[in-house]
Structure formats: structure tokens, C-alpha cells
Amino acid sequence: MRVGTHLRPLSCLLTVLGLLGATSCARARTPAEDDRRQLHGTSQAESERMVAITVDDLPWFGRLAPGDTPPEANRRLLDAFSQRGIQASGFVVCNDADSQRDLLDAWLARGMDLGNHTSHHLDLHSASLSAWIDDVETCHHYLARLMGHPPRYFRYPMLHQGDYHDKRSAAAVALQRLDYTVAHVTVDNSEWLLADAYGRAVEKADVQTSERIARAYVSHLLAGIDHFDAVGRAQLGRLPPHVLLIHANALAADHIGEVLDEVRARGFRFVPLAEVLADPMFGLADTYEGAKGLSWLYRISPDAFSRWGAWDESEANRIRATFLGGQE
Ligand SMILES: [Zn+2]
């Protein structure tokens, strides 16, 4: 809700009377506050929350239950999106993608978007810059042929954007030359660790373990949204729109629908990636210098990860200890 006048709305009175939630009651703002809000965007606390769903490592990644197949699991994943009216963005690792071309065709047939995730999932931090750019360009040409137009979005493998300034800048220039928009993530998470454990469980038909992991998956992703809401409030002074990162794996095929229903029940609307990336926060400077792959909400403030990143590390450690025998 936008409150542009100096009068309090009826909803505020109802809140005071305990008839509505606290977020519906807003103190009238001064003109100076309104100016600041132009810079920082409209608070999502006062409007519908937005979230874009992005899926990395297409066409497919990881183990499946006996008798299951990537085309069948991919169909379940796409059903979960289509049934909820979601236009997801999938990021393709192009090398050998043609051997599973039917999966990518299914994404396009459902009206989903595909973006570049390099040809070999090449890590910018370990590859030479020229090899990395070649890998980006090869995937670019493959996807342009597949889709009939150039892909618009690029997702860095491991969210590694360059571990020192010159490499980071040169990679960004190469992406701009290809007219890419970087598909930043806000809700980074350890779903890929849970998916590894889940793949091992379903492969052995261990129903009890796979169900425990499925419950952990739902709660972990919801906790991720809560965490990055808190980071957004601290960094921006408002609740941010989100880009959720998951991967094309059996855990998502079997259980992303439960996550999406919970997310929607929290008041989020599913939107295409472009709508979230239009938020002014993605125009802020990337201030992070280092080797970690991070949420955009950490990258826009030099000390954000040191202040908030304990959540990411403790969740990953907890998942490893609970479901992967503590392995790194
Ligand atoms: Zn990836």
C-alpha cells in the first residue's frame, strides 16, 4: 500500500484497533522521506512482494530414483511452475546440452526463459579470463540458435564474478559486449547440498531419509527468504524483491511445489526475472572484493557478508552434518 499523503489511512486505524497486521499501519511520511524512497525504491512491505524463480545447471543435474529419467523429472519440475503460472528462468550449461535437447525444448514450449551459464560451468576464479570468455561465447551461440534469438541473461557459475578487480571488470565488459544482463541472486542457499543427499537417498529407495530431506528443503528455502529479508531491511531499509536460486535436480522436481505454495502463502507474487531485476537495488555498486559467490544483498555493502554471512555458513554446515556425514 502506498501512503502519499499526511493523513493516516483507515487500515492504520484498524491496525491500532488490532484488526489488521502491523505492516498495514504506516506513519505519514515527510517530503524528505519521500525523496529518500525514490532512491531506495518502494517498500515491498507496502505492496505485493515479488519473487522470480531461477533454476541453474540445465538441462539436468544429479541422481534420480530407479526408473526415473531426466525428461520425466524435468516434466514434473515444469509442471510445478506451470500449475502456479510461473515463468521461470533456466540457466543452461551448454556443453553436451544437445544430447538432452528435448529437456530444453520442453522449457521453451512451456514459455520459460533460458539463459547462459557458460558451456562447461567454468569457474571464473580458476579459469583464465580468455578461456572463460570463450566458454561464455560458445554457450551464447548455442542458445541463440536454439531459441532463435540471443539469450538475455547470464548467471555466473558458483556466483563467482571475479576474485580481483581487473578480472571482475574484464568479465563484466565481455558480458556487456554480448548484451547480457547479469541474473543476480538474492536468496542464495545450500539447496544443492540437500539435493546431493536427496539424490543418494532416492537412488537407494530410502523413503524415510528422502522425506526428511524434503522437509529440510522446504524449511531451508523459507529460512533463506527470512534471512535475506532481514539483510535487505538492514542494507536498504526495506524488504527487497527476491531472486530465488535452485537447481535442476530430483529434489526440485519432487518438492519445489511445496516450497512455492508456502512462498505464495507469505504474500509473494511470482514474476519473471526482468521484473525483479528492474528494482533500483540492482543499480547499486558492487562493492565486494573477494572469492566468494554471494547474494547481491551482500555484494552492495563491503561489510555485509561479515555481518550476515554466518547464516549461510551455519546452514551449509548443519546440512552437511545432518545429511552428508559432515563431508566437505
Ligand atoms: Zn551452476
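The model is predicted, so local features need pLDDT of at least 70, side-chain atom pairs count only at pLDDT 80 or more, and totals for chains, interfaces and linings use all residues. Residues are numbered from 1 along each chain as its sequence is written. Helices (H or I, at least four residues) and strands (E, at least two) are DSSP runs, numbered from the N terminus.

**Helix α5**

- Helix α5 covers residues 129-147, 19 residues in total. From its first C-alpha to its last it reaches 27 Å, close to the 27 Å expected at 1.5 Å a residue (the expected span is 1.5 Å times one less than the number of residues).
- Its buried residues are Trp132, Ile133, Asp135, Val136, Cys139, His140 and Leu143. A residue is buried if 20 or more other C-beta atoms lie within 10 Å of its own, exposed if 12 or fewer, and partly exposed in between, with C-beta atoms placed from the backbone.
- Seen down the axis of α5, these buried residues fall within an arc of 155°, so they line one face of the helix (the arc is that of the directions from the helix axis to the C-beta atoms).
- Ser130 and Arg145, on the other side of α5, are exposed.
- The cover over the buried residues of α5 includes β2 (89-92), β3 (113-116) and α6 (165-177).
- Gly148 follows α5 and has a positive phi, near 85°.

**Strand β1 and its partners**

- Strand β1 (residues 49-58) is largely enclosed by the rest of the structure, because eight of its 10 residues are buried.
- β1 pairs with strand β6 (residues 242-247) in the parallel sense over six bridges, and Asp56 stands opposite His247 in β6. Two strands pair if DSSP finds at least two bridges between them.
- β1 also pairs in the parallel sense with strand β7 (residues 268-270), over three bridges; here Met50 stands opposite Arg269.
- β2 runs parallel to β1 and is joined to it by four bridges, with Val55 opposite Gly90.
- Together, β1, helix α3 (residues 70-82) and β2 make a right-handed β-α-β unit. Right-handed means that, with the strands pointing away from the viewer, the path from the first strand over the helix to the second runs clockwise.

**The nonpolar core**

- The largest nonpolar core has 79 residues, and those with the most contacts inside it are Ile53, Leu58, Leu77, Val92, Leu194, Tyr198 and Val243. Such a core is a set of buried Ala, Val, Leu, Ile, Met, Phe, Trp, Tyr and Cys residues joined through C-beta atoms within 7 Å.

Key: Contact = placed C-beta atoms within 7 Å.
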